[in-house]
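Q: I am new to this structure and would like to be walked through it. Could we look at it together, one part at a time?

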Amino acid sequence: MKLKKCLYNRKGNSTPMTIALILGLLLLICAMSEFFRLIIIVQGVRDGLTSAVITVVTTNYDEAYHGLREGYSGGYILLGEHWEEKLDYDDVYRRLDVLLGTKKMGDYHVKIQDQGYEYRLSELEVKVINAPFTPENTSQNLEASVMVTIEIPLSFGWKLVPPLTMNIRTRAAYMPKF
């Protein structure tokens, strides 16, 4: 009789559902905070990379100046009687180390934190595309594009989830202002 009364008693039926709902919301909040952490890190690295590629393009100003009066902005220098391509690729990793606070560790440039690392950068590719050496084609400017691979360990997942690995690309162009 007591068992039958206990089974038909409806008091406290919502307790397991309430606990499950609270745990689900807590899990959702943790996942969202991890997502926003990753977005902030990637955006910061992209901003640093953009600043570094702009520096690469502006360091080529002295090579590009010679052609400005002809109407294009290529990186060429007059050697004797003919023009030769001259480009400066700069040291993008060094600029990223200064801008982002990373340090070279083996093949990676790592942003160190208390428990390991926050992120690490590798496989940097810098391409400088020179403007063609002809005054008829002024649509192509002196451009630099940079791509780097970023690896960010996830704090949500307790080392069971592999780190986020993605490529970040950005580019800049030198355009004369006249």
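Q: Let us start with Glu123. Where is its place?
A: This is a predicted model, and in it Glu123 belongs to strand E5, which covers residues 116-129.

Q: Is Glu123 buried or exposed?
A: Glu123 has a relative accessible area of 55%, so it counts as exposed, the cut-off being over 50%.

Q: And what is phi of Glu123?
A: Phi of Glu123 is near 55°, which is a positive value in a residue other than glycine. Most residues other than glycine have a negative phi.

Q: Let me step back to the whole chain. How many helices and strands are in its secondary structure?
A: The chain has 4 helices and 7 strands. Read along the sequence, they follow the pattern α-α-α-β-β-α-β-β-β-β-β.

Q: What share of the residues counts as buried?
A: Of the 178 residues in the chain, 29% count as buried.

Q: Now the helices. At what angle do H2 and H4 pack?
A: Helix H2 (residues 15-59) and helix H4 (residues 92-100) pack at an angle of about 135°, and their axes are 9 Å apart. That angle makes H2 oblique to H4.

Q: Is the crossing of H2 and H4 left-handed or right-handed?
A: The crossing of H2 and H4 is right-handed.

Q: Which residues meet there?
A: From H2 come Gly44, Val45, Gly48, Leu49, Ser51, Ala52, Thr55, Val56 and Thr59, and on the H4 side they meet Val92, Arg95, Leu96, Leu99 and Leu100. The residues of this contact divide into 8 nonpolar, 5 polar and 1 charged.

Q: Buried or exposed?
A: Thr102 counts as buried, because its relative accessibility is 6% and the cut-off is under 20%.

Q: What is Thr102 in contact with?
A: Leaving aside neighbours within four places in sequence, Thr102 is in contact with Leu96, Asp97, His109, Val110, Lys111 and Tyr119. With Asp97, there is a polar contact of 2.4 Å between the side chains. Leu96 is also one of the H4 residues that meet H2.

Q: Then on to Met105. Which strand is that in?
A: Met105 lies in strand E3, residues 103-105. At 44% relative accessibility, Met105 counts as partly exposed.

Q: Which residues does Met105 touch?
A: Not counting residues up to four places away in sequence, Met105 touches Val110 and Ile112. Val110 is also among the contacts of Thr102.

Q: How far apart are Met105 and Arg120?
A: Met105 and Arg120 are 15 residues apart in sequence, and in space they are 9.3 Å apart, C-alpha to C-alpha.

Q: What does Thr170 touch?
A: Not counting residues up to four places away in sequence, Thr170 touches Leu49, Thr50, Val53, Ala144, Ser145 and Val146. The side chains of Thr170 and Thr50 are joined by a polar contact of 3.3 Å.

Technical notes. Residues numbered from 1 in each chain as written. Predicted model: local features only at pLDDT ≥ 70, side-chain atom pairs only at ≥ 80, totals over all residues. Heavy atoms only, no water. Axes fitted to C-alpha atoms, helices over the stretch in contact; angles between N-to-C directions. Helix = DSSP H or I, 4+ residues; strand = E, 2+ residues; numbered from the N terminus. Parallel < 35°, antiparallel > 145°, perpendicular 65-115°, else oblique. Left-handed = near helix turned anticlockwise from the far one by under 90°. Contact = heavy atoms within 4.5 Å. Nonpolar A, V, L, I, M, F, W, Y, C, P; charged D, E, K, R; others polar. Polar contact = N/O pair within 3.5 Å; in protein donor to acceptor, adjacent residues only side chain to side chain. Buried < 20%, exposed > 50% of the residue type's maximum accessible area, 1.4 Å probe, protein only.
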